[in-house]
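Please consider the model shown below. The paragraphs that follow treat its strands, its nonpolar cores and its charged pairs in turn.

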Amino acid sequence: MSSIILFEDIFVVDKLDPDGKKFDKVTRIEARSQNCDMFMHLDVNTEIYPMHVGDKFTMALAHTLNLDGTPDTGYYTPGRKSLADKYEYVMHGKLYKITDDTSGKGLKAELYVSYGGLLMLLRGEASHVSHFELDQRIFLLMRKL
């Protein structure tokens, strides 16, 4: 299963809509991870998955939901067990931009992923995100703790 999950950490929500509310049903959360010291902006459909300042959640990025690691077909198969069964909120998107920042201490990297228009920025040590590739399809999985 560890080969399915490309990144996983526990995050705490620091701010909601730091640049102001843009959409009725979407909230941009600003969160920081506890173990890898990663920073994240993430758009969440808060009509179906409400988020609040101080919420703690685990967030995983995976290349497939199939437990055997096979690529995702894009079709839902009722009754089939998947990685999504262990989480409460799942989105599927595409990594559209990767940047490296060599200024300052250490090598920092930023990943930009679009989940059907809901955006994610994940910033931190390059070593935590070095195995991601441009145009890669990625599942985001969340579960509150």
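Predicted model: local features only at pLDDT ≥ 70, side-chain atom pairs only at ≥ 80, totals over all residues.

Which residue in β2 does V13 stand opposite? The residue is A31.

The model contains a closed barrel of 8 strands, whose order is β1-β2-β3-β7-β6-β5-β8-β4, with antiparallel pairing. From one strand to the next, the twist averages 35°. Strand β8 (residues 137-144) pairs with strand β4 (residues 56-62) in the antiparallel sense, over 6 bridges. Within that pairing, L140 in β8 is the bridge partner of L61. Strand β5 (residues 89-101) likewise pairs with β8 in the antiparallel sense, over 6 bridges, and here G93 stands opposite I138.

The discussion now turns to the nonpolar residues. In soluble globular proteins, nonpolar side chains tend to be buried together. The largest nonpolar core of this model has 33 residues, and F57, M59, L61 and L122 are those with the most contacts inside it.

Charged pairs complete the picture. A search of the whole structure finds 9 salt bridges. One of them joins K15 to E30, with the closest N and O atoms 3.8 Å apart. Because K15 lies in strand β1 and E30 in strand β2, this pair ties together parts that are 15 residues apart in sequence. K15 counts as partly exposed, at 44% relative accessibility, whereas E30 counts as buried, at 13%.

Another salt bridge is formed by the side chains of K25 and E47, at 3.9 Å from N to O. K25 is in the loop between β1 and β2, and E47 is in the loop between β3 (39-45) and β4, so that the pair links distant parts of the chain, 22 residues apart. The relative accessibility of K25 is 46%, and K25 therefore counts as partly exposed; E47, at 53%, counts as exposed.

The side chains of D37 and R32 also meet in a salt bridge, at 3.5 Å from N to O. D37 is partly exposed, with a relative accessible area of 45%, and R32 is partly exposed at 35%.

Technical notes: Residues numbered from 1 in each chain as written. Heavy atoms only, no water. Core = buried A, V, L, I, M, F, W, Y, C linked by side-chain atoms within 4.5 Å. Buried < 20%, exposed > 50% of the residue type's maximum accessible area, 1.4 Å probe, protein only. Pairing = 2+ DSSP bridges. Helix = DSSP H or I, 4+ residues; strand = E, 2+ residues; numbered from the N terminus. Axes fitted to C-alpha atoms, helices over the stretch in contact; angles between N-to-C directions. Salt bridge = Lys/Arg side-chain N within 4 Å of Asp/Glu carboxyl O.
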